[in-house]
Amino acid sequence: MSANAEPEKDAAAAAAEGDEKAEAKGSGSGWELLYCGGTSFDSMGRKVVGGAQGNLVSPTRLRPLVGVDIRFVGSGCTACHCVALDAEGRCYTWGRNEKGQLGHGDTLLRNLPTVVSQLSKYKIIKASVGRNHTVVVTDDGKSFSFGHNKHGQLGTGSLRNEIESSPVSCIVAEATNAVCGADFTVWLSSVEGSSILYLVGVVRQFFEAVFYSFMLFSTAGLPQYGQLGHGTDNEYNAKDSSVKLTYDPQPRPRAIAALSGKTVVKVACGTNHTVAVDSSGFVYTWGFGGYGRLGHREQKDEWQPRLVEVFQKQNVLPPNAIVSAGSASSACTAGGGQLYMWGKMKNTGDDWMYPKFVIDLSGWNIRCMASGNMHHVVGADDSCISWGVAQNGELGYGPNGQKSSANPKKVDILEGMHVTSVGCGLGLSLILVDRANIGDRLDKLEIYDGDTSTEVEKVEVQATKKVSASTNSRANKRKKTKDDSESEEEDDDEDESEDENGEIEEAKGRRGRKPSNRGRGRGAKKATPEPKPSGRGRGRPKKTESPAQKAGSSGGRGGKRGGKRGRPRK
């Protein structure tokens with residue numbers, strides 16, 4: 001708890017100047033940020049004793065941003081951290097920070113928005129958030145990133161530092177926007193008013209000469225499912241004698257050749273898939289195809305952009321279309337403002353293998369939309385509408401409201417307010433409302449001061465138990481090879497994403513590749529504080545288990561699969 005105390009004080013102090021300026025303009029102007037969802041960022045999306053604590057189940061104001069004119073909010077469908085930009089271009093971040101994804105030069109969690117001081121001399125106009133990284137764009141076309149860089153998702157051209165806790169420059173020129181998937185990033189760039197796509201090396205020179213006036217659409221990061229759009233997943237065997245598969249990171253932003261000659265104007269990223277719209281209103285998707293999230297009536301992965309057939313001829317997207325992507329779904333507004341969605345809509349029932357319009361939202365003027373892991377938030381007319389599967393109160397229905405909703409439902413406390421922008425993360429929602437013409441209604445909302453001593457304490461106690469159990473486990477081990485250590489690290493990363501994606505079986509069983517590495521021992525980690533040595537390989541005889549381990553085992557290969565794996569439903 002003491003480690004987080006100083007950052008909280010810094011958050012309040014850093015926002016004080018912004019508070020004064022905004023309040024001087026009058027409470028009736030500007031936009032206000034409201035937050036609902038979890039506040040125990042370290043435990044969100046993870047299994048801890050006592051479950052999630054300190055949830056804000058109604059839209060709540062955050063103390064450092066009360067009165068501050070916030071113009072942009074963002075999170076990611078696999079992210080437990082947030083970013084906000086004010087009217088003067090200041091960048092605020094808060095939430096989980098284990099990989100330095102908040103950009104403050106450390107790995108301390110922040111429960112409240114804190115200004116990224118190293119970006120203070122720039123005016124930030126765009127920002128996006130991945131699982132453990134953040135990318136921002138300035139008004140003069142520069143792009144900076146910070147956080148996890150294991151797969152090259154920061155776009156620095158280097159893998160030298162796996163964690164960058166302070167902003168570093170991306171090798172992208174004239175950037176206009178950046179959008180993050182779980183472990184990859186997409187940049188849009190323009191030169192002299194014409195959107196073009198950056199390439200690297202000799203190829204870059206060729207395309208700059210021939211396609212100078214077209215969109216620069218570049219990607220970097222994890223290529224595992226083809227989400228970078230380069231026609232390959234860069235898969236190879238880690239060793240000649242091993243069946244373990246790995247994927248070559250792509251740290252240098254590289255153009256998508258299939259989009260050369262097209263001007264991409266909008267883009268959204270899910271966990272491992274991408275949705276893009278060109279200037280003609282055509283929609284392209286690529287990446288992981290499970291649950292039909294690509295909209296091609298099949299679950300096949302696409303390694304390069306493929307046109308979505310539904311959005312052609314009379315149903316191309318208008319210039320003001322909204323595009324959104326969740327962990328296992330995609331969405332956009334087409335002709336007449338009608339909302340279309342496809343992919344995994346809920347935990348039960350059939351998946352939407354191709355775009356279908358959402359009947360409940362017919363006739364609504366949808367201005368903004370964001371998708372989290374399995375929930376969605378929309379700003380339409382003078383209402384805020386949300387639905388989906390929720391765990392931390394991210395739908396904002398209040399303490400007496402329902403926890404989840406299969407159908408779109410109004411957030412009653414915000415009825416009559418003009419929602420200007422929304423963002424969704426893993427177990428959280430960010431909502432921007434216009435202060436104009438709402439009187440003193442904002443004053444009636446709760447204000448969160450960042451006091452999470454109770455839930456932080458419980459998380460720390462659980463962490464202590466895990467460390468103690470882990471120590472005992474290590475004392476019993478006689479050997480631990482380097483390969484095992486590396487596999488353990490991968491398991492830790494994927495363990496976090498299991499709950500975040502709600503679909504870990506999508507990636508691991510579909511191609512028959514994953515059971516040989518990341519899938520080993522994960523179920524055991526869920527059931528007991530430490531991974532069991534007996535689960536690290538195929539065909540090894542099971543070692544004698546303790547009663548506690550037997551109780552945690554769920555059957556089948558020592559209980560490692562826990563019933564979650566398997567192919568997505570077709």
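How many bridges join strand 4 and strand 5, and in which sense do the two strands pair? Here are some notes to read alongside the model.

1. First, the ground rules. This is a predicted model, in which local features need pLDDT of at least 70 and side-chain atom pairs count only at pLDDT 80 or more, while totals for chains, interfaces and linings use all residues. Residues are numbered from 1 along each chain as its sequence is written, and side-chain values use heavy atoms, with hydrogens and water left out.

2. To the opening question: strand 4 and strand 5 pair in the antiparallel sense over five bridges. Strands here are DSSP runs of E with at least two residues, numbered from the N terminus, and two strands pair if DSSP finds at least two bridges between them.

3. Thr-114 is buried, with a relative accessible area of 4%; buried means under 20%, using a 1.4 Å probe and protein chains only. A polar atom of the Thr-114 side chain lies 3.1 Å from the backbone oxygen of Leu-112.

4. Of its 24 residues, Leu-33, Tyr-35, Ile-70, Trp-94 and Leu-430 touch the most other members. Among the elements giving two or more residues to this core are strand 1 (31–37), strand 2 (56–62) and strand 31 (428–434). Apart from this core lies another, of 20 residues, including Ala-370 and Ile-431.

5. Ile-70 deserves a click: beyond residues up to four places away in sequence, Ile-70 touches Trp-31, Leu-33, Leu-65 and Leu-432, among others (contact means heavy atoms within 4.5 Å).

6. Finally, have a look at Arg-61 in strand 2. Is this arginine buried or exposed? Arg-61 is buried, with a relative accessible area of 7%. A polar atom of the Arg-61 side chain lies 3.2 Å from the backbone oxygen of Leu-442. Leaving aside neighbours within four places in sequence, the contacts of Arg-61 include Glu-32, Leu-33, Asp-443 and Glu-446.

Methods: Buried means under 20% relative accessible area, exposed over 50%, partly exposed in between (1.4 Å probe, protein chains only). A polar contact is a pair of N or O atoms within 3.5 Å; within protein, one must be able to donate a hydrogen and the other to accept it, and residues adjacent in sequence count only if both atoms are side-chain atoms. A nonpolar core is a set of buried Ala, Val, Leu, Ile, Met, Phe, Trp, Tyr and Cys residues joined through side-chain atoms within 4.5 Å. Helices (H or I, at least four residues) and strands (E, at least two) are DSSP runs, numbered from the N terminus.
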